[in-house]
2 protein chains.
Amino acid sequence: MAAIYDRVALIGLGLIASSMAHAMRAEGLAGEIVGTARSAETRETVSEMGFCDRVTDTAAEAVEGADLVVLAIPVGAMNPVAREIGPHLKPGATVTDVGSVKRAVIDAVAPHLPEGVHFIPGHPLAGTEHSGPKSGFAELFENRFTILVPQEDVPEAEVGKLTRFWQGMGANVELMDVEHHDLVLAVTSHTPHLIAYTMVGVADDLRRVTDSEVIKYSAAGFRDFTRIAASDPTMWRDVFLNNKEATLEILGRFTEELFALQRAIRTGNGELLFDYFTRTRAIRRGIVEAGQDTDAPNFGRGGSKS
Amino acid sequence: MAAIYDRVALIGLGLIASSMAHAMRAEGLAGEIVGTARSAETRETVSEMGFCDRVTDTAAEAVEGADLVVLAIPVGAMNPVAREIGPHLKPGATVTDVGSVKRAVIDAVAPHLPEGVHFIPGHPLAGTEHSGPKSGFAELFENRFTILVPQEDVPEAEVGKLTRFWQGMGANVELMDVEHHDLVLAVTSHTPHLIAYTMVGVADDLRRVTDSEVIKYSAAGFRDFTRIAASDPTMWRDVFLNNKEATLEILGRFTEELFALQRAIRTGNGELLFDYFTRTRAIRRGIVEAGQDTDAPNFGRGGSKS
């Protein structure tokens, strides 16, 4: 495939950016990949690993002459970085990001971008519980969705170019309105993460059940929670602080429903529980049918069908 | 391996019992496998599949002459089945079960067992989101824990025999006190399941986010919840109704912690969130080190490291 952008600058070199670099290389999507990170240790690691053509010390240097700038940093760091790179952006460049919330990123970044720069916020729905430059791999985005939230004044041709770029890395691209993005993600990602963190914290606190017991007997249910609750703490702190309204709304609904089920347990209302559990089973079938997960039992771990 | 029990009777022929049959066959642990199920359709399916040597119409027939009787039925069905089989049990036979709660099973079953029958309640910590006789596979118990809760008057030799039987199917066997079992499982399995069911229900209810959106964008976090929430509704109704006290206790603690985190989000207390998320990450490492899960990102689905 011919390069879609002549020069791509990755600001931040964690799981997402390093996976993008591997995927860009594998598919020949970028003429040159320039990377930078705040931490000198990360920059050194990436220089040694070699998945960027150049590693610069500052974000300002990295964006010089870049046709696409990817902000792959925690949401809380977006504002100062946008302020730093704004004056150095090439006219006609596209700026995107990979943050899990979009309203807060737009508020933090947009004011610092000069006229003639195209701002197309983005969010690849892909990740693992690992973080850092060594955790990236080229297939991370394959058959996963990337949501783009183009700002009003961006030409369609530029949105099309970024769309083809993500498609080149294997992603399915969808366009979405910013407020809707933040609500959908509060439901499908942010609130589930908070709940998983909480449940793992409760288990850790309980003195009558030791940590080693929790760990040993985690097979049935708890294990999936611990995977979710092992995600990057900085990133998730920023997600919750920056998608406050939608998360609090969904949490409120969650608590309300949980209390209804708790009451059914207390009063012995088996019919309510059975009906509820039957309804939720159908959603799972939809996910398997939509190709977003495998039907293999237990995701294929712990044995295969004989 | 020489057969450990000459005749094993499986009462109920769902995921667990069918997996046990496949594993017993693969390892030669039973001289003869007799099975029965309440549903005629299930009995017919199993007769066709052939993983039992004989399928009987009633539980009373199935247990005739059996050396090991396995109650693999929902906890709510234990009492009438125990009443039915009690008079037909062979003197010196061992009765066990695979229920997810233990106090309630003991209360339901023990009064109906005659003198000279050994009652060793059990709980294999293994499962998938699938159910029914076609969902079983021989490797289900491999490297998973099975907890045995031997009753006071059972000879050690009989506990040893059942232990070797489970080990033969690949399980790690642990002995535990009944009340402790029910508390540990409330933390590691029952409460996480209720929470997952609730979160999936909330997503389904929210009218501004369509089911198809929930399904499409489930990659980040929500997907694991839907797998958990797809488990068998009858089994889980019975779990909650029969482990009421421990589940309600853990739910109370969960809600308390969730409110603390919710408050931190509302007040913008990023430090509290960061510290909490950092602590929970350590538990995940323990699980990977204990060999109860893989360190492969995203369980190896959606791509492997390149």
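**The core**

Start with the largest nonpolar core of this predicted model, which has 206 residues. Select Leu10, Val69 and Val70 in chain A, then Leu10, Val69 and Val70 in chain B: these residues have the most contacts inside the core. In soluble globular proteins, nonpolar side chains tend to be buried together.

Stay on Val70(A) and show what surrounds it. Leaving out residues up to four places away in sequence, Val70(A) touches Val8(A), Ala9(A), Leu10(A), Ile11(A), Ala17(A) and Met20(A), and also Thr96(A), Asp97(A) and Val98(A).

**Strands β4 and β5 of chain B**

Move to chain B and select residues 68–71, which make up strand β4(B). Strand β4(B) pairs with β5(B) in the parallel sense, over four bridges. To find one point along this pairing, pick Val70(B): the residue opposite, in β5(B), is Thr96(B).

Now select β5(B) itself, residues 94–97. Is this strand covered on one face or on both? Both faces are covered. Thr94(B) and Thr96(B) lie on one side, Val95(B) and Asp97(B) on the other, and all of them are buried. In a regular strand the side chains alternate between the two faces of the sheet.

**The three-stranded sheet of chain A**

Go back to chain A and select strands β7, β8 and β9. They form an open sheet in the order β7-β8-β9, with mixed pairing. The edge strands are β7(A), residues 122–124, and β9(A), residues 172–175, each of which pairs on one side only. Neighbouring strands are turned by 20° against each other on average, with direction ignored.

Zoom in on β8(A), residues 145–148, which runs parallel to β9(A) and is joined to it by four bridges. Thr146(A) stands opposite Val173(A) of β9(A).

Then step to the loop between β7 and β8 of chain A and select Asn143(A). The phi angle of Asn143(A) is near 60°, a positive value in a residue other than glycine. Asn143(A) counts as partly exposed because 14 C-beta neighbours lie inside 10 Å, and the partly exposed class falls between 12 or fewer for exposed and 20 or more for buried.

**The three-stranded sheet of chain B**

In chain B, select β7, β8 and β9. This is an open sheet of three strands in the order β7-β8-β9, and the pairing is mixed. β7(B), residues 122–124, and β9(B), residues 172–175, each have a single partner strand, so one side of each has no neighbour in the sheet. The twist averages 20° from one strand to the next.

Strand β8(B), residues 145–148, runs parallel to β9(B), with four bridges between them. Leu148(B) has Leu175(B) as its bridge partner in β9(B).

Asn143(B) sits in the loop between β7 and β8 of chain B. Its phi is near 60°, a positive value in a residue other than glycine.

**The two domains of chain A**

Colour chain A by its domain assignment, with domain 1 at 5–176 and domain 2 at 180–296. The C-alpha centres of the two domains lie 30 Å apart. Where they meet, domain 1 of chain A contributes 15 residues and domain 2 of chain A contributes 16 residues. The side of domain 1 that touches domain 2 has seven nonpolar, five polar and three charged residues.

**Helix α10**

Select Asp238(A), in helix α10 of chain A, residues 233–242. Asp238(A) is buried, with 24 other C-beta atoms within 10 Å. What does Asp238(A) contact, leaving aside its neighbours within four places in sequence? The contacts are Pro74(A), Val75(A) and Gly76(A).

Switch to α10(B), which is mostly covered, with nine of its 10 residues buried. Among them are Trp236(B), Arg237(B), Asp238(B) and Phe240(B).

**Between the chains**

Finish by showing both chains. How many residues of chain B are in contact with chain A? The contact takes 101 residues of chain B and 101 residues of chain A. On chain B, the helices that each supply at least two residues include α7 (178–205), α11 (244–267) and α12 (270–289). Helix α7(B) gives the most, with 18 residues. By class, this side of chain B has 49 nonpolar, 29 polar and 23 charged residues.

Key: Residues are numbered from 1 along each chain as its sequence is written. Chains are lettered from A and ligands numbered from 1 in the order in which they are written. This is a predicted model: local features need pLDDT of at least 70, side-chain atom pairs count only at pLDDT 80 or more; totals for chains, interfaces and linings use all residues. Two strands pair if DSSP finds at least two bridges between them. Axes are lines fitted to C-alpha atoms, for helices over the stretch in contact, and angles run from 0 to 180 degrees between N-to-C directions. Domain bounds come from an automatic or database domain assignment. Two residues are in contact if their C-beta atoms, placed from the backbone, lie within 7 Å. Ala, Val, Leu, Ile, Met, Phe, Trp, Tyr, Cys and Pro count as nonpolar, Asp, Glu, Lys and Arg as charged, and the others, Gly among them, as polar. A nonpolar core is a set of buried Ala, Val, Leu, Ile, Met, Phe, Trp, Tyr and Cys residues joined through C-beta atoms within 7 Å.
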